[in-house]
Amino acid sequence: MSAKMETALKQVRGLGSAREGARHWWHERVSALASLILSGWFIVSLLRLPAYDRGTIVEWLGSPLAAVPMALLVITTFWHLKMGVIVVIEDYVHEEGSKLFWVTLVNFLAILGAGLALFALFKIAVTGSAA
Amino acid sequence: MHRNPSRPLSPHLSIWRWGPHMLVSILHRVTGSGLALAAALLVWWLVAAATGAEAYATFTSVMGWLTGTGAPEGAVGWILYAIGVIIGVGLVWAFFQHTLSGLRHFVMDIGAGYELRTNRTWAVMTIVGSLLLTALFWAWILFGRGA
């Protein structure tokens, strides 16, 4: 590309925003608040558990009052971390090709992680301590 | 980006004197990135619990390493022990630091806490708070239940 005799500001003026900034910003806050509440529940629950052996954990996660907040914690945490890591990538990876690669990779890994955790919770819920 | 290099950029990191607010800002990113990696541990824990006794035993042996249980033997043992404790304590600290600086962001999002002294105070408080909460958390895990 030939060098343009324009400032960076001149080139973007009139194009408007990408129209996604405000939504991304808001989703970061909503997922942060949800993760804050749920991780608070998680830490208190962990500290109150009598032991951390598999039997205790499976029995605990077999209860709806533990399984549902845990599933929600997985969803909000992976939602939040996906957005956060993507902001970091967008700030430090400047080449468009590698930016696309890393953003896509983080999206895939976040969905994979959440999917694995949710299926594990589902299996514990339906098979219980018999597994 | 087509930028005319002869035109000045607005002042960036290198020109400002370091202060607690800058430390807390970059720590929010660093701890957030670290916690994103640590989310794999949460997934591993749930998958191991769903898989079976053997898979769960593998997970707990790694978590035992991260919580510094067991007596290290030899030079390599001590190095591994130290690494495990650093990661284990570091992850808990990262969680509390990210949570507290996130709460600070909530306050600043509503437009409050930008006065220089207030801003500085609360930046420092997130660091003090995260260290205190980390100490309390590990004290409870190691001594709290009388184990």
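Which residues lie nearest the centre of the second largest pocket? They are L81(A), L109(A), A110(A), A36(B) and L37(B), among 19 lining residues. The model is predicted, so local features need pLDDT of at least 70 and side-chain atom pairs pLDDT 80 or more, while totals for chains, interfaces and linings use all residues. Residues are numbered from 1 along each chain as its sequence is written, chains are lettered from A in the order in which they are written, and side-chain values use heavy atoms, without hydrogens and water.

**The pocket**

A pocket here is an open set of points on a 1 Å grid where a 1.4 Å probe fits, with protein on both sides within 12 Å along at least five of seven lines; lining residues have an atom within 4 Å of a point. The second largest pocket has a volume of about 400 Å³. Two or more lining residues come from each of α4 and α5 of chain A and α1 (20-51) of chain B. The largest contribution, 8 residues, is that of α5(A).

**The interface**

Chain A contributes 43 residues to the contact and chain B 32 residues, contact meaning heavy atoms within 4.5 Å. About 2,900 Å² is buried between chain A and chain B, 71% of it from carbon and sulfur atoms. The rule finds 2 salt bridges across this interface, each a side-chain nitrogen of Lys or Arg within 4 Å of a carboxyl oxygen of Asp or Glu. D91(A) pairs in this way with R29(B), with the closest N and O atoms 2.6 Å apart.

**Residue classes**

Definitions and conventions. Buried area = accessible area lost by both parts, 1.4 Å probe. Points joined across faces, edges and corners; volume = space filled by probe spheres on them. Helix = DSSP H or I, 4+ residues; strand = E, 2+ residues; numbered from the N terminus.
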